[in-house]
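Here is my note on this model, point by point. Please read it with the structure open.

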Amino acid sequence: MLTEQTSAPPLERLEPVAGAAEALGLVEAAQAVFVEESLNRYVVALLRSTRSDSRLYLGASPRSGIALLRVAKARALAERRDYVSPDDVKAVAPPVLAHRLILGPEARSAGLDPVELVGEALARTPVPV
């Protein structure tokens, strides 16, 4: 790895796959993806679930919810849909939320994983139908 990175860095050989205009167009398209009000409430309930978990010193913030819906919209767009489904939220919640949680001391010493705690919050939060 050291030789590769110091003699022929692979990042210097990368070619763009999209231009700035195309990337901005995708951002605009993702922003236009529809989110049903029940999914907004689902995200709020999910965030609330993390904040009420006694194993967490700090649960997911409202800004976490904004990030969660933005990524869920991008996933829906990647799946060629113009609406967000509960499965989009569930699929992206662990990577979006886990790093935003702060484990309490007991949870840290017990070796709990924030990804698992997000999974538990998803399991106990009713999904809109």
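1. Start with T50, which sits in helix 3. The model is a predicted one. T50 has 2% relative accessibility. The cut-off for buried is under 20%, so T50 counts as buried. Leaving out residues up to four places away in sequence, T50 touches L56, G59, A60, L101 and A121.

2. Next, the nonpolar core. The largest one has 28 residues. Those with the most contacts inside this core are L46, L68, V84, V89, A93, L97 and V118. Which elements give two or more residues to it? They are helix 3, helix 4 (62-78), helix 5 and helix 7. As background, nonpolar side chains in soluble globular proteins tend to be buried together.

3. V84 is worth a look within that core. Setting aside neighbours within four places in sequence, V84 is in contact with V33, F34, V35, L39, A72, K73, A76 and V89. V89 is itself listed with V84 among the core residues with the most contacts.

4. Helix 5 covers residues 86-97. Its length checks out. At 1.5 Å a residue, its 12 residues should span 16 Å, and the end C-alpha atoms are 16 Å apart, which agrees. The buried residues in helix 5 are D88, V89, V92, A93, P94, V96 and L97. What covers them includes helix 3, helix 4 and helix 7.

5. The side chains of D87 and K90 meet at 3.6 Å, N to O. D87 and K90 are 3 residues apart in the helix, which means about one helical turn separates them. D87 is partly exposed, at 48% relative accessibility. K90 is partly exposed too, at 32%.

6. How many salt bridges does a search of the whole structure find? The search gives 6. Some of the residues involved are linked: D53, R55, E120 and R124 belong to a network of salt bridges. The next two points take its pairs in turn.

7. R124 and D53 form a salt bridge through their side chains, with N to O at 3.4 Å. R124 lies in helix 7 (residues 114-124), while D53 is in the loop between helix 3 (37-51) and strand 1, so the pair ties together parts that are 71 residues apart in sequence. D53 is buried, with a relative accessible area of 8%, whereas R124 is partly exposed at 41%.

8. R55 forms a salt bridge with E120, and the closest N and O atoms are 2.5 Å apart. R55 belongs to the loop between helix 3 and strand 1 and E120 to helix 7, so this pair ties together parts that are 65 residues apart in sequence. R55 is partly exposed at 27% relative accessibility. E120 is partly exposed at 32%.

9. Last, the surface. Which residues form a nonpolar patch there? Y57, L58 and I102 do, with about 340 Å² of accessible area together. L58 lies in strand 1, residues 56-58. L58 has a relative accessible area of 45%, so it counts as partly exposed. Patch residues must have over 30% relative accessible area, so L58 clears that cut-off.

Technical notes:
Residues are numbered from 1 along each chain as its sequence is written. This is a predicted model: local features need pLDDT of at least 70, side-chain atom pairs count only at pLDDT 80 or more; totals for chains, interfaces and linings use all residues. Side-chain values use heavy atoms; hydrogens and water are left out. Patches are made of residues with over 30% relative accessible area and no salt bridge: like charges are joined within 9 Å, nonpolar side chains (Val, Leu, Ile, Met, Phe, Trp, Tyr) within 5 Å. Accessible areas come from the Shrake-Rupley method with a 1.4 Å probe; for residues, only the protein chains shown count as cover. A salt bridge is a side-chain nitrogen of Lys or Arg within 4 Å of a carboxyl oxygen of Asp or Glu. Helices (H or I, at least four residues) and strands (E, at least two) are DSSP runs, numbered from the N terminus. Buried means under 20% relative accessible area, exposed over 50%, partly exposed in between (1.4 Å probe, protein chains only). A nonpolar core is a set of buried Ala, Val, Leu, Ile, Met, Phe, Trp, Tyr and Cys residues joined through side-chain atoms within 4.5 Å. Contact means heavy atoms within 4.5 Å. The expected span of a helix is 1.5 Å times one less than its number of residues.
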